[in-house]
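Student: I am new to this one. Could you walk me through what its terms mean?

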Amino acid sequence: MAAHDAHADVRQTCSPDLEVDGARAIWIDRGTITVPLDLDDRTPGPHGWQLPASTQWLLLWSPTAAIRVEDSHLWAPDLCVIELRVQESGLGADQAARNPAAAQHLALELAERWQRSVPEMLTGQVLLARRSQGVLTVLTGVQLGPVLDDLYAQEARQEDFGARLDGRRIRFAVWAPTAQRVSLLTWPEQAGNNPPLDRADRRQMMRTASGTWKGGIDADLVGARYLYEVVVYSPVTRRMETNLVTDPYAAGLTVDSRHSVIVDLADPAWTPENWAESAGPRLHGLVDAAVYELHVRDFSASDESVPEHLRGSYLAFTTDGNGTRHLRRLARSGLNSVHLLPCFDLTSVPEHGAAAQPDQSLLASFPPDSHEQQRLIARTASHDAFNWGYDPWHWGVPEGSYASTPEMADGAHRVKEFRCMVQALHGLGLRVVLDQVFTHTSASGQDPHSVLDRIVPGYHHRLDATGSTEGSAAGNNVATERLMTEKLMVDMVVRWARDYHIDGFRFDLMGHSSTRNMARVRHALDELTLDRDGVDGQDVYLYGEGWNFGEVADNALFTQAVQGQLEGTGIGTFNDRLRDAVRGGRPFDEDPRRQGFGSGLAGDHNGAPCNREPERQLAHDTDLVMLGLAGNLRDFELQCTDGVIRRGDEIDYNGRPAGYAAEPSDVINYVDAHDNETLWDALTMKLPPELDMAARIRMNTLCLATVALGQAPFLWHAGTDLLRSKSLDRNSYNSGDWFNRLDWTGRDNGFGHGLPPADDNMTRWPWLRPLLADPSLKPSAKDVELASEQARTLLKLRRSTPLFRLGSAELIRQKVTFPLSGTPGAVPGVILMHIDDRTDPIDPDLAGLVVVFNATPHPVRQVLPEVSGQKVVLSPLHCKGTDRSTCESRFDHMGFEVPARTVAVFNHLR
């Protein structure tokens, strides 16, 4: 299409100060472009808003991206100028529903005769301009995501991408609908990690109607390195770029992710022996999930029982080290899942040449309240071997820094080592859950770590009203509402389940994705079968962070995958209601000493001014804990501590309904996770400093009991059963091995490792310093073992009877009550939960359970008339270890007597 076909003049007069104003226009489908009303110059008239006759909206296109403004003229040697017509009726209902960000925009129509040229236009530079009285006064870029979906996505979603072995050929496919040219560059496996560009074998790929570029090479080149060379317009630089990019669908990478590697994931050479038979235990129901959240490096980095060359690696899980033995003990007690923090390829940790962290003996030489430890760690934090890893680079390849050696990070070697880890965990009787981060990437635009944006610029990332990348999800937000981005998300989850035997997925900031996204993930997994795929996809468990915030908040762009909006999917969301009620306060409180049900509000007051109206707060926290124990159901009727019967969704949580679950599997209960302080650190800050160690341990156990003995799935942070401390660090994502130390022996729980890193903790140092300096607050190995034993008892109790895992809202409503709540017999800080199994029995041996949570510093007696005079005994599991205190709990035919700071389970025998 030549310029004169649209307008003969290639120079357009413009105002002297005209510049490109971001990318404020949105091309929503083949024939429609929208622009915000504040860029318009319509005026109100007797028949509505009127556009001055002298005003025109123009689409400007240059195939070579040569548009420039000079001397009050806009021009390009190949400029095409197309006049657009204003749609006075605005967007249609369907258009507005698909594009809520543009729903109130002015709609501009591209004449039908130009619509056939839209695919060609999209491969060059397009701008939108407003011309008033012959002068361009507005100039802005155009966001292309919606129109690319409209033109290409339906067909492209049916295709397979990446490098695939197909008989005698390796087939390549990459979706790049705005590219002018795509070439495949390959190097033989022997070329190494960073082969020279001039030695590449270059093949031109062929474009298809779906915007997909395809090519192929001989099948004997499995193991070869490859890149895509993509010639594409970048709205960031406003010029054509020639980008050398790895494959977003890569199955293998070289060290430090410089090149993609052709890997045949079905090749037996890259699977451990008996891999086909490797499977985690099945869940009888979703509520059976008992999850331990663990970081791969933390697991063994400080474990001297693991060979030194394997510490911090996938293969550490295959050794008989202290960590493996501890996981085995937990599995035998009732733990059934390990949730691994991000293991996909990430940008924050070098796979080769990571900086050495400070010597731990040097760090240990400083006082426990010193600032020196964090100062030394900060020197190497940005390029050492530690990071949580919430910064995706390639979603479908295992992270190479966890390989046993840098050489094993190359190609398929890391694939096999990852599978060995999964098989080892399965062998311990543990399912494997992977943390997934589809809400953001570490980079966008032309950054070297940006993959998606250098292939399809402006498509895969969510853009704001000006065309800038949104960043509310702690990075470069991913636009999972785009159909091909959603496909990538679904395909990667399926790969991990099918090719790595992953049993579950946790989704970071899941509320930034839609219920449609999650439903399609669920459906794709459900399609996997044992006969065809080697896994039963319906057994894969899904949960995530259902927080409501950012540019997507309150369903602004789509129906979010947040708390209360995933009914019927079986996808759980973290229950912050129970967490806050047990711990006290909220994660980002200015004063961390605010207490809760499990942290001293019931009688161990710390005197901090933030604990205003402790009796009232205790009552409300108690209501939230009871609701959480009953699965946080929105329609569960609870007689609250004030005697008023309320449904779960009538109980307040910071102005929102506390109960939001339709079924107990809609939530996952927890009291600590990798985010924020560990449970032990939170208790250290909240409990009175003079409280003795035995009492602190019992409060730790009581907190864990509120999730382990509830009706929902639950998660413990790794080491919470070992009184794990991060030296009061509230955000240890980049704090190195020293602050994240996980000592399975119990000799060093991590407390007193110095003041935590300044970036996230300095404002709290005045509160933290005296605590860290107090030697009485650091537990001994004997203290840790006692805590560990009490925690394992909770797991055994949960596993001992299905009454702790009823599995449905109907059964919970029938059988679970808190009969003393709101009555004269209630004691503030005490919860009595009755699970009555006398009618329509679930457990053939028990007529029910009575669980007493005594968070007070005094023994309590609670009388429950329903079981008075019947055969009720303390669960024998309480008295099989060294925890003698709980064994003092008893039932005397009239009531239950429970010691201070104790949770006790009583069996009502048939």
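Tutor: First, the ground rules. This is a predicted model, where local features need pLDDT of at least 70, side-chain atom pairs count only at pLDDT 80 or more, and totals for chains, interfaces and linings use all residues. Residues are numbered from 1 along each chain as its sequence is written, and side-chain values use heavy atoms, with hydrogens and water left out.

Student: Why is Asp-256 called buried?

Tutor: Buried means under 20% relative accessible area, exposed over 50%, partly exposed in between (1.4 Å probe, protein chains only). Asp-256 has 19% relative accessibility, so it counts as buried. Ser-257 is at 3%, so it is buried as well.

Student: What makes the phi of Asp-256 worth a remark?

Tutor: Its phi is near 65°, a positive value in a residue other than glycine. Most residues other than glycine have a negative phi. Ser-257 also has a positive phi, of about 60°. Asp-256 sits in the loop between strand E21 (252-253) and strand E22 (260-261), and Ser-257 lies in the loop between E21 and E22. Helices (H or I, at least four residues) and strands (E, at least two) are DSSP runs, numbered from the N terminus.

Student: How do you know that helix H15 is largely enclosed?

Tutor: Eight of the eight residues of H15 (residues 679-686) are buried, so the rest of the structure largely encloses it. Among them are Trp-680 and Lys-686. They pack against helix H13 (576-583), helix H16 (693-708) and helix H19 (765-772).

Student: What makes a set of residues a nonpolar core?

Tutor: The members are buried Ala, Val, Leu, Ile, Met, Phe, Trp, Tyr and Cys residues, joined through side-chain atoms within 4.5 Å. The largest such core has 207 residues, and Trp-27, Leu-340 and Phe-505 have the most contacts inside it. Its largest share, 11 residues, comes from helix H10 (residues 483-500). Apart from it lies another core of 15 residues, among them Val-860 and Phe-896.

Student: Why is a space called a cavity?

Tutor: On a 1 Å grid over the protein atoms alone, a cavity is a set of points where a 1.4 Å probe fits but cannot get out; lining residues have an atom within 4 Å of a point. By this rule there are seven cavities of 30 Å³ or more.

Methods. Contact means heavy atoms within 4.5 Å. On a 1 Å grid over the protein atoms alone, a cavity is a set of points where a 1.4 Å probe fits but cannot get out, and a pocket is an open set with protein on both sides within 12 Å along at least five of seven lines; lining residues have an atom within 4 Å of a point. Grid points are joined across faces, edges and corners, and a volume is the space filled by probe spheres set on the points.
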